Amino acid sequence: MSGVDHLHELLGLPAVDFQQDESDGPRPAAGAAAWRVSVEPYEDEDRTWEQEFASFLEAVDPAGVRALIIGQWGESYEENSSYPIGLVTAAADRLTSLEAVFVGDLTMEESEISWIEQSDVTALLTAYPALVEFGVRGGSELVFPPTRHERLRSLTIETGGLPVAVVRGVLDSELPVLERLDLWLGVSAYGGDADVADLAPLLSGTRFPALHHLGLRNSEVENEIAAAIASAPLVARLRTLDLSCGTLGNEGAAALLEGQPLTHLDVLDLHHHFLTEPMERRIAEALEPHGVRVDLSDRCEPWDDRGAEGRYTSVSE
């Protein structure tokens, strides 16, 4: 899963790996870091994530922790995320200042993204009504039933293939202050079975009244998404639009140019694309004079000169 790294920050706080000892120096204050709790099953086979998390709660004032990153919890393809999620939800009476959680911060060296076994992650939203930022990596067995959360402002789901049931669950949720939504839709070979029609409630502008950033990324149907975006009522109130890391080609870019104006955007992110240089220039010349920052980096070439059939997403397996 190239393009996926450990988080560098969460909630605007630097990500810090929790260590039982302080041999690398004193720990930051509890609320000054996004704490990553993880175990390496091949280096310390006798150390469980439960033990590591218990040590974390003892060493770092849990009442001051604002951001928590759930990293590797063992053999992630053998035990799903309900294991660490259950331990974190059980600690809700101690983690009383928690505002942000990310579940599954694993890199390719630890697990392919399609091997990360998730579960019903909304248990964390229920247990922590004060969360403002929530993220998940991995779509296998991911469950996200419709839920209501009064304070969540940012939701990110990173997958190589996002199940349509999850897309529908997210879009049927009541998130009245959600400002940022990033969905990595992925490819059908790894469970990404949502199509553009499933995004209609979102693109209609009737969901999430506070939304101003939308990412529909890493998709094998990025051209179809771009065509839908071209006439989507939601777009008029967006400030940033991210269609990166997918299979966007000239046909999708042309649809964007021929559709509703995008000159009100602050940012249009199209990096990792399959546009020709002339189309890149057309996009830039149409938007940059209006102050739109356009990311056209990482132009890709189709595999084996196969044209549109050779296009690929940035993250799949």
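**Close-up views of pockets and nonpolar cores**

**View A. The second largest pocket of the predicted model.** Sorted by class, the lining holds 9 charged, 6 polar and 2 nonpolar residues.

**View B. The largest pocket and the residues around its centre.** The space within the largest pocket amounts to about 630 Å³. A total of 26 residues line this pocket, with Leu7, Glu9, Thr156, Glu158 and Arg217 closest to the centre. The lining is made up of 10 charged, 9 polar and 7 nonpolar residues.

**View C. Strands that contribute to the lining of the largest pocket.** At least two lining residues come from each of the strands E1 (9-10), E6 (133-137), E7 (154-158), E8 (180-186) and E9 (213-219). Strand E6 contributes the most, supplying 4 residues.

**View D. The largest nonpolar core.** This core consists of 87 residues. Within the core, the residues with the most contacts are Phe53, Phe56, Phe134, Leu155, Leu181 and Leu216. Helix H4 (residues 164-171) provides the largest share of the core, 5 residues. Another core, of 10 residues, lies apart from the largest one and includes Leu7, Leu11, Ile69 and Ala100.

**View E. The surroundings of Leu181.** Leu181 is among the residues with the most contacts inside the largest nonpolar core. When neighbours within four places in sequence are set aside, Leu181 is in contact with Leu155, Val170, Leu202, Phe208, Leu211, His213, Leu214 and Gly215.

Conventions:
Residues are numbered from 1 along each chain as its sequence is written. This is a predicted model: local features need pLDDT of at least 70, side-chain atom pairs count only at pLDDT 80 or more; totals for chains, interfaces and linings use all residues. Side-chain values use heavy atoms; hydrogens and water are left out. On a 1 Å grid over the protein atoms alone, a cavity is a set of points where a 1.4 Å probe fits but cannot get out, and a pocket is an open set with protein on both sides within 12 Å along at least five of seven lines; lining residues have an atom within 4 Å of a point. Grid points are joined across faces, edges and corners, and a volume is the space filled by probe spheres set on the points. Ala, Val, Leu, Ile, Met, Phe, Trp, Tyr, Cys and Pro count as nonpolar, Asp, Glu, Lys and Arg as charged, and the others, Gly among them, as polar. A nonpolar core is a set of buried Ala, Val, Leu, Ile, Met, Phe, Trp, Tyr and Cys residues joined through side-chain atoms within 4.5 Å. Buried means under 20% relative accessible area, exposed over 50%, partly exposed in between (1.4 Å probe, protein chains only). Contact means heavy atoms within 4.5 Å.
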